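Let's walk through this structure together, starting from the side chains and then moving out to the sheet.

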Amino acid sequence: MSALLKPFILALDTSHLSDWIRDSQSRKSTDRQRAKVFSEWLKSRGALPLFTLHHLEELCSHDDTDLVRSRIRFLHSLPFIAWIAHQGSPSAPGGVASMMSSEILTAYANPEYDVARVGHAAATSLIQIGTGEDFLGPEPDIWLALREIFLERSRNARALVAVTRTNVIDISSKPMAELLKGRFRSAEGVRRQLEVIGGSLASDILRHGDKRIEQPRTVAADFMRQVAGAIDDLPKSAAAMIWESLATQGVEPSDAKPDSTVGGVLEYGLFLQQMRISTQDSGIPFLDLKRTVSMDRVPSWIISSELRRHGPPLMERKGSELNDTHLACLAAYADLTLVDKRTLEGFRRARRKVSSFNLICRDVDRASSYQNVPALIGAYVEPQCD
């Protein structure tokens, strides 16, 4: 590795990481040998596994404390890795929020950059290279304190995906102009309608939600209760209610074009929400960022939104879909990003339909096991000399 000039950045799927760790710590010599062969291959080829906070979250989201400890200590022992840097502290692990923050701030500082140049420039501050100890800090076991938080986030992700990716009510193609002219219901009428929707949502979660959700009806009821709480002080017209709701995301009436659809406006609102959250510590006024940075110049937004739009239908909306989407954004920065079968199909569909996708995404593929990775990418990497 001493002669390594340009490392090959490899984003492994979390399942590959967990299997690699398991084999390296197995009681069976054959398992340990498999893991050792892979480790030596990484070194000889100058390939650096790329880590994010999302990898850590998945590896730590397990009820077995000893298993989590062994995983953390393995990562801590790695001699050479790459990771996404946290925007506030480059030596700390970052995730998709750090990626989006770096991209937005790069796009803001360089308004002439297209999305490809934004991603290339953002990579210089995002990608850090060092040891596992550099990545996790001198005391790896301190990450055990976050295990319960990660487990709770995992449980919350199941409910979030089940609710936000349902098609119980789909008005995304409805023109905004038509929605704004809609008849205004009374508060009581709205509540009755919400009860009907809540029942349909509960049935949908039961059929298609993450099977680990123990109480689908409770998840639906909690969500509908939040919606109902927002209608206690209804404005005087349907249009006013719609714009007041969108204003919380940063959407103004001037942002909607005459031919805008409900789905398009809501998508823009989600982008603005993520922009506000990821750049809140930048010191730059949100309105300045909004005026300068458009959705089509932010790589992580393009990848995540187009995968949601073009991904194959979900028979079961698993909570892991959220992390899968976050990790898929590494395709803008890793030389090769390994994903699961469904995500790979989403990439294939998006590449055919979205021209900017090919400008920002590098190689993306799938490997059934970490043992198959060397054969898969052998043609992409030139051997390094020691």
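**Aromatic rings and a mixed sheet**

Trp20 is buried, with a relative accessible area of 2% (buried means under 20% relative accessible area, with a 1.4 Å probe and protein chains only). Phe74 is buried as well, at 9%. This is a predicted model, where local features need pLDDT of at least 70 and side-chain atom pairs count only at pLDDT 80 or more, while totals for chains, interfaces and linings use all residues. Residues are numbered from 1 along each chain as its sequence is written, and side-chain values use heavy atoms, leaving out hydrogens and water.

The structure holds 9 aromatic pairs (rings of Phe, Tyr and Trp, the latter by its six-membered ring, with centres within 6.5 Å; planes under 30 degrees apart count as stacked, over 60 as edge-to-face and the rest as tilted). The ring centres of Trp20 and Phe74 lie 5.0 Å apart with planes at 80 degrees, so this pair is edge-to-face. Because Trp20 lies in helix H1 and Phe74 in helix H4, the pair ties together parts 54 residues apart in sequence (helices are DSSP runs of H or I, at least four residues, and strands are runs of E, at least two, numbered from the N terminus). Trp20 and Phe74 also belong to one aromatic cluster with Phe38, Trp41 and Tyr370.

Now for the sheet: 6 strands form an open one in the order S4-S3-S2-S1-S5-S6, with mixed pairing (two strands pair if DSSP finds at least two bridges between them). Strands S4 (127-130) and S6 (363-365) stand at the edges, each with a single partner strand, so one side of each is left without a neighbour in the sheet.

Terms used: Buried < 20%, exposed > 50% of the residue type's maximum accessible area, 1.4 Å probe, protein only.
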